Amino acid sequence: MTSTLPLVPGTPNKVPGTGASAEYWPWAAPTRTTSNRDGYVRGHDPRTVASGRARAQQPDYPEWLHHVRGAWACKHPIRLAGQIHVNNPDGERVATVDTDTMPDGAIYTPCGNRRTTVCPACAEVYRRDTYHLIKAGLQGDRWGLPPLDEHIAVFVTATAPSFGPVHHRVVQVHAADCRRKDGCTCRPAVCHPFGRTCPHGIPIRCGDRHKLGDSHLGQPLCLDCYDHAAQVVWNHEAPELWRRTIQQVDRELRRLGKRHGVDLRRRYIKVYEFQARGVVHYHALIRLDGYHPDCPTTVTPPPAAITRPMLAEAVETAFRKTAYTSTPHPANGGQGWPIRWGDKGLDLKHVNAPGGEVNLARITGYIAKYVTKSTEATGLDLRRVDGSNLDAYADLNSHPGRLIRACWDLGEHPDYQRLRRWAHQYGYGGHITTKSRAFSVTYGFIRHQRTIWRRTEGHPHTWDDQEAELVIYQLGYHATGWITTGDALLANTAAAQARARQQAARDALDDERAAGQTIVRPMAA
């Protein structure tokens, strides 16, 4: 039985076990800073706390905080040093600013890495840029693009063939509220209920029902039976396979247009994703447009005679027809490897189709999240592999290690040298996302708009391109990262507070819009 103290207002009562007193509520002990025996305060190293306190106590701390604002949340900012010149319209130099006069003697800029495991903040910016790029290509009506509601589009997922049996998780029946992939908790089927013993004496069967995130997923049932060489070659040839496939799509659309007496144009955007077995597969959005003879570059809707099933049939036929043989290699008996898409067929879904499950918002967010991922799905995330660290990562007792070793061994051939360069990605050297010219705007355009917003402090209408060309930047690389861990702590804390204020403002704006209230903004004095 727990004893309690009498609640007597104004009487200082001792809180049991703390030595503290409470005026009214006996259990309201004052909050104290948690500290471990090793001197760490709130999980931070004492040196981090000391360096952060030293920075915050400097008289120019507000100026420094404003100076590094552009790279607040970046984990590894780039520091640039040099000079900034200002010229007049006649080309004469009227002013020069040296970075030596700035805080820390450098300009901070975000690293811009797209991987979440390297820099979460920059990866989130990259993901949002991709989101808006895809949204503009599906919805239109922004950045000079016309409304695209009448255009039909398909979402395609193309996978690689099998290179050997691996542990997998297959859910035959999903629940009604299942998220289908990232958060699926439905009961999976048995991995490999049937199988016989391989020539290496390992039974090719597994009676487990693997949970989501199981470390066995994607691992071969027998490492010696798995064709690691064919897999890294397929990754190496995947960009070329896609190029030939999209050319075949154009041929099928031309045939379709001739049958109906119309001209058709396809526009697409695609991203790749690593499966747990270490092979890439593509997610692509293919949009169908018409053709205006008076203005070939314009984006027009397709003729009404072309339906969604016709587009789907043309795309499926192109993926089914595309196949070729890679360059010969001595490791394969002087022959090449067959390069084709997987035997399971093409997963094709219509976007914004009446009664369909794939809508614009869902598919845009679904694709955009993959641009921040890489090989971490395979349990190994590397930056670069060379002769100095090859033995550390090319472990022949692991599936990723054998893939890296296969890249290195096959890369001795002159026609497969890129396998060594991209061994950290199991041979795949394509860009994370590619698109056709007229699908949407470019990353450069979106980043330029963000630059204008930041330099005008939220007033882009005041931007003048001609005046901007009068500013000449002569900056070079100085260093990478924050000077001290205390600087990183202060900058990231400021970024977190700014994000919290922005989110609070968005929530308040959404509440006002939902309530139908008129937003009244204060007038400037």
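This is a predicted model: local features need pLDDT of at least 70, side-chain atom pairs count only at pLDDT 80 or more; totals for chains, interfaces and linings use all residues.
Residues are numbered from 1 along each chain as its sequence is written, and side-chain values use heavy atoms, with hydrogens and water left out.

**Figure 1. The loop that holds D104.** D104 is found in the loop between strand 4 (93-98) and strand 5 (107-109); strands are DSSP runs of E with at least two residues, helices are runs of H or I with at least four, and both are numbered from the N terminus. D104 is not a glycine, yet its phi is positive, at about 65°. Most residues other than glycine have a negative phi. D104 counts as partly exposed because its relative accessibility is 26% (buried means under 20% relative accessible area, exposed over 50%, and partly exposed in between, with a 1.4 Å probe and protein chains only).

**Figure 2. The loop that holds W143.** W143 is found in the loop between strand 6 (140-142) and strand 7 (145-147). Its phi is also positive, near 55°. With a relative accessible area of 31%, W143 is partly exposed.

**Figure 3. Packing of helix 3 against helix 10.** Helix 3 (residues 120-139) and helix 10 (residues 443-455) pack at an angle of about 115°, and their axes are 10 Å apart. Helix 3 is therefore roughly perpendicular to helix 10 (65 to 115 degrees; under 35 counts as roughly parallel, over 145 as roughly antiparallel, and the rest as oblique). Axes are lines fitted to C-alpha atoms, for helices over the stretch in contact, and angles run from 0 to 180 degrees between N-to-C directions. The contact (heavy atoms within 4.5 Å) is made by V125, Y126, D129, T130 and L133 of helix 3 with Y443, I446, R447 and R450 of helix 10.

**Figure 4. Packing of helix 4 against helix 8.** The axes of helix 4 (residues 228-260) and helix 8 (residues 399-410) come within 9 Å and cross at roughly 70°. Helix 4 is therefore roughly perpendicular to helix 8. From helix 4, H228, A229, Q231, V232 and V233 meet H399, R402, L403, A406, C407 and L410 of helix 8.
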